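Please look over the structure shown below before reading on. This report goes through its overall build and then its aromatic rings.

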Amino acid sequence: ASFAFGINAAGQVVGRSSTTSGERAFLWDSVNGMQDLGVLPGIGGASAAFAINSAGQVVGRSDTATGPRAFLWDSVNGMRDLGDLPGGADLSHAYNINDAGQVVGYSNAVSGDRAFLWDSVNGMRDLGDLPGGADQSYAFSINNASQVVGWSATAGGPRAFLWDDATGMNDLGVLTP
């Protein structure tokens, strides 16, 4: 079995595929076919890739001895552990990457699952949650203007958000009947 989750403008595809070693993240292109991206060091043989940017950088999650961790892969450095937010259950997932190499996803923290923004200078940053939130937020996409989208739990239920550095997390509301 194999599943594709992301594609860039060059036609490179990322996803996960079953192997004799377990589920593995892959990168496919029309010249080299499907390439196994491996796993982070530690116990576990599973990984999955969710997105790829125009530079061919890939993000996803890989099992480790302590739980799943967000990774950034490139052809020079291989798979790199992006860490997690402090105080949580030692887990993180990366879902998207922009052309500047900024990564979004979620990590378990002291206050619950939290959306994060990672970059090579600042590391992993907790994006918080919406006011009246239930300490739960997830980031799923980032554009080249560093705007992040996802959802956050609120007392009224899950709500879509748009986050940027200037205004923080903004509730996008819900459709009215």
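Predicted model: local features only at pLDDT ≥ 70, side-chain atom pairs only at ≥ 80, totals over all residues.

## Overall build

The secondary structure of this protein consists of 16 strands and zero helices. Its radius of gyration is 16 Å, close to the 16 Å that the globule rule gives for 177 residues, so the protein is as compact as a globular protein of that length.

Of the 177 residues, 49% count as buried. When contacts between residues at least 6 apart in sequence are considered, 31% of them join residues that are at least 24 apart.

## Surface and charge

The accessible surface of the protein comes to about 8400 Å², and carbon and sulfur atoms account for 53% of that surface. Among the side chains, 8 are positive and 17 are negative, and the centres of these two sets lie 3 Å apart.

## Aromatic rings

A pair of aromatic rings is described by two quantities, the distance of the centres and the angle of the planes. With rings counted as paired if their centres lie within 6.5 Å, the protein has six aromatic pairs. One of them joins tyrosine 95 and tyrosine 106, whose ring centres are 6.3 Å apart and whose planes meet at 20°, so this pair is stacked, given that planes under 30 degrees apart count as stacked. Tyrosine 95 belongs to strand β9 (residues 92-97) and tyrosine 106 to strand β10 (residues 103-109), so that the pair links parts of the chain 11 residues apart. Both tyrosine 95 and tyrosine 106 are buried.

How are the rings of tyrosine 138 and tryptophan 151 placed, and is the pair stacked or tilted? Their centres lie 4.9 Å apart and their planes are at 35°, so the pair is tilted. Tyrosine 138 is found in strand β13 (residues 133-142) and tryptophan 151 in strand β14 (residues 148-154), so the pair ties together parts that are 13 residues apart in sequence. Tyrosine 138 has a relative accessible area of 10% and is therefore buried, since buried means under 20%. Tryptophan 151, by contrast, has a relative accessible area of 27% and is partly exposed.

Definitions and conventions: Residues numbered from 1 in each chain as written. Heavy atoms only, no water. Phe/Tyr/Trp six-rings, centres within 6.5 Å; stacked < 30°, edge-to-face > 60°. Helix = DSSP H or I, 4+ residues; strand = E, 2+ residues; numbered from the N terminus. Buried < 20%, exposed > 50% of the residue type's maximum accessible area, 1.4 Å probe, protein only. Rg over C-alpha atoms; globule rule 2.2 N^0.38 Å. Contact = heavy atoms within 4.5 Å. Areas by Shrake-Rupley, 256 points an atom, 1.4 Å probe, with all protein chains shown as cover. Lys, Arg positive; Asp, Glu negative; His and termini not counted. Charge placed at Lys NZ, Arg CZ, Asp CG, Glu CD.
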